[in-house]
Amino acid sequence: MIIDPQHEHHHHAPAAPVSAPAPQAADPHAHHRAPASAPPPVLAPADPHAGHKMPGPEQAAPQADPHAGHHMHHAPPPIPTDHAAERFYSPAVMAAARAQLMKEHGGGTAWIVRADVAEQRFRKGDDAQAFEGQAWWGTDASKWVVKARGERVDGHGWEKAELEGLKAWPIGPYFDLQAGLRYDLAPKGRSYAAVGFEGLAPYWFELHGAAYVSDRGDVSARAEASYDLRLTQRLILQPRLEADLAEAGAGRLEGGLRLRYEIKREFAPYVGVVRERAFGPAREAGERAGATAVVIGVSAWR
């Protein structure tokens with residue numbers, strides 16, 4: 001038998017070992033063990049772009065919007081100058097209806113006359129009578145205001161009396177600006193230019209302030225504050241403070257406490273006590289340095 005050396009080498013030559021395990025001692029329990037399972041396959045991480053169509057070279061990506069992120073400002077629509085209802089109703093009838101609507105929503109004219117103080121003052125020495133009130137008429141946009149106040153002393157006549165004519169404009173929801181003229185009837189006639197304010201402050205404090213310049217160039221000022229403390233729906237306690245600063249440093253301070261009962265909202269008698277005190281040249285001119293009076297009077301408005 002002839003043996004081919006090449007064939008013998010091809011079939012019988014041992015193959016080169018890839019990675020021969022190191023010899024281990026025979027395991028006596030090898031025939032009792034279950035065959036080892038194959039290790040789980042390692043999964044490749046999910047493609048984040050799976051399911052998305054990626055643009056090819058022939059499909060260019062969309063161009064970015066140059067206005068992205070910017071607020072576009074559009075011109076407001078024009079205000080209509082016609083009235084749609086006039087297509088079906090007479091323009092004169094609709095004009096009258098609009099005027100009535102404006103009147104019912106603050107565009108109407110109103111008026112009031114009120115006496116805040118009308119009282120008899122009982123005090124040591126000569127008694128006195130005092131009055132303070134005002135009237136106004138107009139709209140929410142502007143008013144004409146007339147104010148009057150004075151004090152008369154028994155046996156001496158009017159110690160002071162004044163009259164103001166003012167124009168008022170709103171400077172907020174609760175305050176009016178007032179400007180006009182004031183004229184003193186007593187103790188001697190004198191004219192003033194007046195500018196001030198009047199209104200309702202937070203917590204329902206009624207405030208009034210004014211500055212005056214006389215025809216002689218003298219400057220004076222006045223400030224008032226009051227508060228209505230409702231003990232019941234009709235019984236009201238009112239503290240009130242008034243300060244006057246006249247020319248050359250003369251001044252007067254008056255504080256009062258009045259308890260009124262509103263028989264009607266428009267009519268309320270009251271009793272109270274008033275304390276007044278003069279300062280500076282007013283005291284030197286003969287005015288009382290201080291006096292306390294028990295008062296009885298009425299407050300009314302219409």
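The dialogue below goes through how to read several features of this predicted model.

User: What should I know about the model and its numbering before I start?

Analyst: Residues are numbered from 1 along each chain as its sequence is written, and side-chain values use heavy atoms, with hydrogens and water left out. Because this is a predicted model, local features need pLDDT of at least 70 and side-chain atom pairs count only at pLDDT 80 or more, while totals for chains, interfaces and linings use all residues.

User: Which residues make up the largest nonpolar core?

Analyst: A nonpolar core is a set of buried Ala, Val, Leu, Ile, Met, Phe, Trp, Tyr and Cys residues joined through side-chain atoms within 4.5 Å, where buried means under 20% relative accessible area, exposed over 50%, and partly exposed in between (1.4 Å probe, protein chains only). Here the largest one has 7 residues, namely Val 145, Leu 166, Ala 168, Tyr 192, Ala 194, Ala 210 and Tyr 212. At least two residues of this core come from each of strand 4 (157-170), strand 6 (190-201) and strand 7 (205-214); strands (E, at least two residues) are DSSP runs, numbered from the N terminus.

User: What is Tyr 192 in contact with, beyond its neighbours within four places in sequence?

Analyst: Contact means heavy atoms within 4.5 Å, and on that basis the partners of Tyr 192 include Leu 181, Arg 182, Asp 184 and Tyr 212.

User: Where is Phe 197 found, and what does it touch?

Analyst: Phe 197 lies in strand 6 and is partly exposed, with a relative accessible area of 35%. Not counting residues up to four places away in sequence, Phe 197 touches Phe 175, Asp 176, Leu 207, His 208 and Gly 209. The C-alpha atoms of Phe 197 and Ala 168 are separated by 8.5 Å, although the two residues are 29 apart along the chain.

User: Is Arg 216 buried or exposed?

Analyst: Arg 216 is exposed, with a relative accessible area of 58%, and its place is in the loop between strand 7 and strand 8 (219-227). Leaving aside neighbours within four places in sequence, Arg 216 is in contact with Lys 188 and Arg 190.

User: How many bridges join strand 1 to strand 2?

Analyst: Two strands pair if DSSP finds at least two bridges between them; strand 1 (residues 110-123) and strand 2 (residues 128-138) run antiparallel and are joined by 11, with Arg 121 opposite Ala 128 in strand 2. These two strands form a hairpin with 4 residues between them, and in the turn Gly 125 has a positive phi of about 95°. Strand 1 is also joined by 7 bridges to strand 13 (residues 290-301), again running antiparallel, and the partner of Gln 120 in strand 13 is Ile 296.

User: Which residues form the nonpolar patch on the surface?

Analyst: Patches are made of residues with over 30% relative accessible area and no salt bridge, like charges being joined within 9 Å and nonpolar side chains (Val, Leu, Ile, Met, Phe, Trp, Tyr) within 5 Å; a salt bridge is a side-chain nitrogen of Lys or Arg within 4 Å of a carboxyl oxygen of Asp or Glu. Phe 122, Leu 229, Leu 231, Leu 259, Val 271, Val 294 and Ile 296 form this patch, with about 590 Å² of accessible area together, as given by the Shrake-Rupley method with a 1.4 Å probe, where for residues only the protein chains shown count as cover.

User: Where is Val 271 found?

Analyst: Val 271 is in strand 12 (residues 267-279), on the uncovered face of that strand, and is partly exposed, with a relative accessible area of 45%. Strand 12 pairs with strand 13 in the antiparallel sense over 11 bridges, and Val 271 stands opposite Ile 296 in strand 13.
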